[in-house]
Every structure is written in C-alpha cells, then in structure tokens.
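Dear colleague,

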Amino acid sequence: MALLKRELHREVKGSKVTQAARWTLVFDTDSKSLYVECEVAHFEANTGGTANVQTATMDIADYLRQGGQTAGTANYGVC
C-alpha cells in the first residue's frame, strides 16, 4: 500500500507542556481514497518527557468545516 502525503498545516503551543497538531492530506494509491490525517501530540517536560500521540482520519469535507473553526486550527485532544 502506497500512501502519498502532503502536509497541510502544523501548529505548536506551550513551553513546559507542549501541544502539537499536524494535518496531512493523504492519497491511498491502492484504494484510490483521499482523506485528511490529523495527529495531535501532548508532551510534558515536567514528568520526564512523557508523550501522548493520537492519530485520526477524516473526510476532506469534515476537515473544511471543523466545528466553527478555520480548517487546520487545533482543538487539542480532538481532531
């Protein structure tokens, strides 16, 4: 399975507790599907560098109408 990826948006917030989000446009060459992948990471320097990463996929239309937000604007914890 070949996945062609292009980053759409990246956002990082915080100093001691860092939150990062990245949205990627993905084309699956096998299934001929196009979708957006959202990866949200939460890093805590205070607890020895603990990291929690979540990845979700969404339809392009859902990405463009994210709950009253501009597409690609992080709502950390929820893609």
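The notes below cover the overall architecture and then the salt bridges.

This is a predicted model, in which local features need pLDDT of at least 70 and side-chain atom pairs count only at pLDDT 80 or more, while totals for chains, interfaces and linings use all residues. Residues are numbered from 1 along each chain as its sequence is written, and side-chain values use heavy atoms, with hydrogens and water left out.

Overall architecture

Of the 79 residues in the chain, 25% are buried. Buried stands for under 20% relative accessible area, exposed for over 50%, and partly exposed for values in between (1.4 Å probe, protein chains only). The chain exposes about 5,200 Å², of which carbon and sulfur atoms supply 51%; accessible areas come from the Shrake-Rupley method with a 1.4 Å probe, and for residues only the protein chains shown count as cover.

As for contacts (heavy atoms within 4.5 Å), 36% of those between residues at least 6 apart in sequence join residues at least 24 apart.

Salt bridges

Side chains of opposite charge can pair when their charged atoms come close. The structure holds five salt bridges, each defined as a side-chain nitrogen of Lys or Arg within 4 Å of a carboxyl oxygen of Asp or Glu. Three of them are described here, including the surroundings of each partner.

Lys 5 and Glu 37 form a salt bridge through their side chains, at 3.5 Å from N to O. This pair links distant parts of the chain, with Lys 5 in strand E1 (residues 3-13) and Glu 37 in strand E3 (residues 33-44), 32 residues apart. Lys 5 is partly exposed at 48% relative accessible area, whereas Glu 37 counts as buried at 19%.

Arg 22 and Glu 39 are likewise joined by a salt bridge, at 2.4 Å from N to O. Here too distant parts of the chain are linked: Arg 22 lies in strand E2 (residues 17-28) and Glu 39 in strand E3, 17 residues apart. Arg 22 is partly exposed, at 31% relative accessible area, and Glu 39 is partly exposed at 26%.

Arg 10 pairs with Glu 7 in a salt bridge whose closest N and O atoms are 2.6 Å apart. Arg 10 is exposed, with a relative accessible area of 52%, while Glu 7 is partly exposed at 39%.

Yours sincerely

Notes:
Helix = DSSP H or I, 4+ residues; strand = E, 2+ residues; numbered from the N terminus.
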